[in-house]
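Welcome! Please take a look at the sequence and the model below before reading on.

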Amino acid sequence: MKYFLSILPVFLSLILCHCSSSDLKITYIGNEGFLIETGNKKILSDALWGEMENTAYEVPSDSLTALMREAKAPFDKIDLISISHKHQDHFNADITLAHLLNDPGTRCVAPEQTAALLREHAADKTICSRIHGISLPPFSDSTFSLRGIDIRALRLAHSPYMETDPQSGLEVNRHRDEVNLGYLFRVGNAAIFHGGDSNPLDSSGFATFALQDEDLDVAFLDRLFLFRGETPQMIMQRYIQARHTVFMHISPANAPRIAPYFKDDSTVSVFTAPLESITLKF
Ligand SMILES: [Zn+2]
């Protein structure tokens, strides 16, 4: 009995440690920006931007941006900054570089065309060794590890934005040259997918990457997956199959209208305010 009592605290702490490392906390920053915390790791995904006016998406406030620039809690000791692409509602070079300066352990992963912008603007070039640019042809992927996080980067097409070319009069896709990466992060027991601005009609792209075999705990998907009909529904059910889905890139005006549709669905989250958070247990 005495022996049992002496090992009981160790046994309990092992159980408690196991439970806390299986929690996944997601904090909304704005648009497609999130702080993801699990297994003692912190990831900032498409979060380091702001200092602009726009009503089409939730822009991080100046006070929130200042905390991220200065790497102050809860944005301290970030393991990984991931950037899906260089559009201004996902990425700001100045804010990202400030964070990298103030958080010396942080690594940053981005498409090479975004990483090149960071290197170009870096006043302190020693930061560049922590910036990992990924070059991938369409429909290809690569796997690597940074700071104990296993990462699979997927070259998923950006959603098209069609407009009329003034010279030719033809419809052209304004985003045709934008390199967008989706990322699968494995941290401890958790499998997390962030799709950036991936095209919800790109069934061949999602079929190629077969995320359904990755046993995803959570997928972060553009709100267009909700609004583009049967193909996105098929992609989510056949090629993603996440236990939990966070719909993102929702305007501040629309979020309070969309969130009630999912109030009784524990497998879906729609955030309506910055710094709102959820904790998933698995
Ligand atoms: Zn974009």
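The report below moves from the whole chain to its sheet, its crossovers, and its core.

## About the model

This is a predicted model, in which local features need pLDDT of at least 70, side-chain atom pairs count only at pLDDT 80 or more, and totals for chains, interfaces and linings use all residues. Residues are numbered from 1 along each chain as its sequence is written.

## The chain as a whole

Let's begin with the overall picture. The chain has 8 helices and 16 strands; these are DSSP runs numbered from the N terminus, with helices (H or I) of at least four residues and strands (E) of at least two. Its radius of gyration is 20 Å, close to the 19 Å that the globule rule gives for 282 residues, so the chain is as compact as a globular protein of that length. Here the radius is taken over C-alpha atoms, and the rule is 2.2 Å times the number of residues to the power 0.38. Along its principal axes, the C-alpha trace spans about 85 × 45 × 35 Å.

Of the 282 residues, 41% count as buried, with 20 or more other C-beta atoms within 10 Å of their own, the C-beta atoms being placed from the backbone. Among contacts between residues at least 6 apart in sequence, 65% join residues at least 24 apart; a contact means that C-beta atoms, placed from the backbone, lie within 7 Å.

## An open sheet

Which order do the strands of the open sheet follow? The 7 strands run E6-E5-E4-E3-E2-E1-E16, with mixed pairing, where two strands pair if DSSP finds at least two bridges between them. Strand E6 (131-134) and strand E16 (277-281) are the edges, each pairing on one side only. From one strand to the next, the twist averages 20°, an angle on a scale from 0 to 180 degrees between N-to-C directions of axes fitted to C-alpha atoms.

Inside this sheet, strand E2 (residues 33-38) pairs with strand E3 (residues 41-45) in the antiparallel sense over 5 bridges. Ile36 stands opposite Ile43 in E3.

## Two crossovers

Strand E4 (residues 80-82) runs parallel to E5 and is joined to it by 3 bridges, with Leu80 opposite Arg107 in E5. Together, E4, helix H3 (residues 93-102) and E5 make a right-handed β-α-β unit: with the strands pointing away from the viewer, the path from the first strand over the helix to the second runs clockwise.

E5 also pairs with E6, in the parallel sense over 4 bridges, and Pro111 stands opposite Ile134 in E6. The chain crosses from E5 through H4 to E6 in another β-α-β crossover, and this one is right-handed. E5 is mostly covered, with 4 of its 5 residues buried.

## The nonpolar core

Which residues touch the most other members of the largest nonpolar core? Of its 66 residues, they are Phe34, Leu44, Phe185, Val218, Phe220 and Phe247. Such a core is a set of buried Ala, Val, Leu, Ile, Met, Phe, Trp, Tyr and Cys residues joined through C-beta atoms within 7 Å. Strand E11 (residues 181-187) gives the largest share, 5 residues.

E11 is itself mostly covered, with 6 of its 7 residues buried. Strand E8 (residues 149-155) pairs with E11 in the antiparallel sense over 6 bridges. E11 also forms a hairpin with E12, with 2 residues between them, and Gly188 in the turn has a positive phi of about 55°.

Key
Buried ≥ 20, exposed ≤ 12 C-beta atoms within 10 Å, placed from the backbone. Contact = placed C-beta atoms within 7 Å.
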